[in-house]
Amino acid sequence: MSIDVKTRPGSGAERTGPARQVLDHARAYLSKVRSGEVGALPAVAGIIALCLFFGALDPVFLSVGNLANLFGQGAAVACIAMGLVFVLIIGEIDLSAGFTSGVCAAIMAVILTDLGLSWPVGIGAAVIAGTVIGLTLGALVVKLGIPSFVVTLAAFLAFQGLALIILKEGTNITIDNEFVKDIAGGNLSRSHGWLLLAVTVVVYAAVQLSRWRRRSGRGLVHDPLPVVITRIAALTGLLTATVFLLNLERSANPQLVSLTGVPIVVVLLGALFVVGSFVLHRTRFGRHLYAVGGNREAALRAGVAVDRVRISAFVICSGMAAVGGIVAASRAASVDPNTGGSNVLLLSVGAAVIGGASLFGGKGTVRAALLGGAVVAIINNGMGLMGLSAGVRFAVTGLVLLLAAGVDAMSRGQGRLFGRH
Amino acid sequence: MLLELSRISKSFGPVEVLSEVDLSIDAGEVCALVGDNGAGKSTLVKCIAGIHAIDSGTIAVEGDSHEIGSPRDAAALGIEVVYQDLALCDNLDVVENMFLGREKLRGVVLDDDAMEQLAAETLESLAVRTIRNLRQTVASLSGGQRQTVAIAKAVLWNSRLVILDEPTAALGVAQTRQVLELIRRLADQGLAVLYISHNLNDVFAVADRIAALYLGRMAAVLDAADTTQSQVVELITSGRSNGLGITDSNGVQP
Ligand SMILES: Nc1ncnc2c1ncn2[C@@H]1O[C@H](COP(=O)(O)OP(=O)(O)O)[C@@H](O)[C@H]1O
Ligand SMILES: [Mg+2]
């Protein structure tokens, strides 16, 4: 019965070895998926299934013009969703993100059109307004301890009113500024599209390969080289196809007006994705966000500045909402009291959750928000083409969200089944 | 002596939880702290860890007396605590947990490779063979593996004294054995270990010395080799055992 361990020499453990085989890699991935860490899988599968479905029903869905259209339609929601991921990771919610985007867009519109100031002032003011809003929400949640659900629900109502006030009881302000209109309406020239593609692929390959070399050199666990190369090739193929398609003529009447090139909003989304992912996965702040969402008490004991981290998450969320508002204003070339209203917030939360963020906190990536945003955009676009009513579209989007939340809840339950405490 | 506590007292309001407790622990030894529920073991640990301020008495580390006002102060003195409710983040992996709050950076970028390597070396030095993949999330680990991560996290930081509050309370036999082996290895590497437990089998398996708290007072500190379990049981339940234990102010056993 008694366990005597007083004399027991230890022996070194074999943890590092030669590169694991590709098969091992696949097996490890499969077991991860089986244990509930599904990551981006449901969203990617959903995108493929939806594209096949809508493409089969209406070939217009798969046309180049509609592809470009999809990016424009989904961009604002994708921006807001990427920001929401930050507050979802720490286990909070921001219900006011939609109207925050509306308020910021209204501020920009007033500055550009009513005051006639230049676009840097308008965009700068919108982003600063978003930051201040985030700081306020964060301070109320963190310093006063009011649940974020309540604080942001109050802000949801208040900002709806604020937008009305800024827009003088509901006028519609047109945006004439060409720079701002180009954010969602402009396209890169064909050659700039190819240049951007080349730079992206080269940088991605360099990052992946240098990481592989560093880790294999140090004898750390690393993906096998064939897997790394396949990944680079897959991304290159996907991006090349996208740029090729977007560089085709998509105007209905090319003699009158030519319409080609990668939409500028794609570049914006790409840049936000890269910066957001870097912050989340490569910086101490990002690590602390996940820690706070996973176990706040543990983070506190480990010396994480929990309050600061939590407030920062709200600031980022509202800042990204401001960007979303600018994109929405750019696409509509106007701002009205409904900008950022109606279903924008719900679609954004839906996008983040469909992509794999968890309302329980501790989980979520910027990539997931983009993928989830794509799912939401495709559903709305495809059903619009089918001529279905807004009512049907809302109902289906709601069902998809429920499905995604169900996958999340089930993967957590499965974790418990397998002996996690 | 690495750590010397003398005449430590601590009250919560009118309740005196610790009363003039003396205890010293040397490098390279496992000192077990035993006592009934509510005897004050966890409170004593929290006083050393800087979570509770002591009312009176002194805490000396290597002969110099120190004020320990916060967990940060304790960490600076090389004192690390593995808490009863393991403070781990389920959604982070093994390496991320071990370095939480003290991440290694290259510029502003996390140096994940260096952290992973250091974590692997630490686990290797502790002869831990139960954790194969350092990149799996802690949620997927068993109780014993989680405890191992928590302990390895504590020794990563040039710590000199590691305090474990009931580390095996929730574990099965095999996992308890793994953790006890690990505790022994810490001491064999020259760390001082304060090990709190209810289970006397575990205590006798791993401890060099045994300190028994009784209602907030130190009943006796004994060499494990010259002590029997029944003696320790008596000290725990009544505060004394023929000739040993708490005496009143005249030196007579009450
Ligand atoms: N923060 C606190 N406030 C008030 N009383 C406390 C507090 N912490 C512990 N106590 C009391 O101190 C006594 C000793 O508790 P504790 O140190 O947890 O005992 P042990 O760990 O030996 O079981 C108990 O009676 C407990 O109720
Ligand atoms: Mg206790």
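**Notes on chain B and ligand 1**

1. An N or O atom in the side chain of B:Thr43 lies 2.5 Å from an oxygen atom of ligand 1. For the side chain of B:Ser42, an N or O atom is 2.8 Å from an oxygen atom of the ligand. B:Lys41 contributes a backbone N or O atom, 2.8 Å from an oxygen atom of ligand 1. Of the 560 Å² of accessible area that ligand 1 has on its own, the protein covers 56% (Shrake-Rupley method, 1.4 Å probe).

2. This is a predicted model, in which local features need pLDDT of at least 70, side-chain atom pairs count only at pLDDT 80 or more, and totals for chains, interfaces and linings use all residues. Residues are numbered from 1 along each chain as its sequence is written, chains are lettered from A and ligands numbered from 1 in the order in which they are written, and side-chain values use heavy atoms, without hydrogens and water.

3. The shell around ligand 1 includes B:Phe12, B:Val17, B:Asp36 and B:Lys41 (a heavy atom within 4 Å). It divides into three nonpolar, five polar and two charged residues, with Gly counted as polar. Which element gives the most to this shell? H1(B) does, with three residues. Helices here are DSSP runs of H or I with at least four residues, and strands are runs of E with at least two, numbered from the N terminus.

4. Chain B has an open, mixed sheet of six strands in the order S6-S9-S10-S3-S11-S12 (pairing needs at least two DSSP bridges). Its edge strands are S6 (79–82) and S12 (217–223) of chain B. From one strand to the next the twist averages 20 degrees. Within the sheet, S3 (residues 30–34) and S10 (residues 192–196) of chain B run parallel and are joined by four bridges; B:Cys31 has B:Leu194 as its bridge partner in S10(B).

5. Helix H1 (residues 41–48) of chain B packs on this sheet, and its direction makes about 150 degrees with that of S9(B). Helix H8 (residues 229–238) of chain B also packs on the sheet, touching S3, S11 and S12 of chain B. Contact means heavy atoms within 4.5 Å; angles run from 0 to 180 degrees between N-to-C directions of axes fitted to C-alpha atoms, for helices over the stretch in contact.

6. Elsewhere in chain B, S1 (residues 3–12) and S4 (residues 56–61) run antiparallel, joined by five bridges. S4(B) also pairs with S5 (residues 64–66) of chain B, antiparallel over three bridges. Two residues lie between the strands of this hairpin, where B:Glu62 takes a positive phi near 50 degrees.

Key:
Polar contact = N/O pair within 3.5 Å; in protein donor to acceptor, adjacent residues only side chain to side chain.
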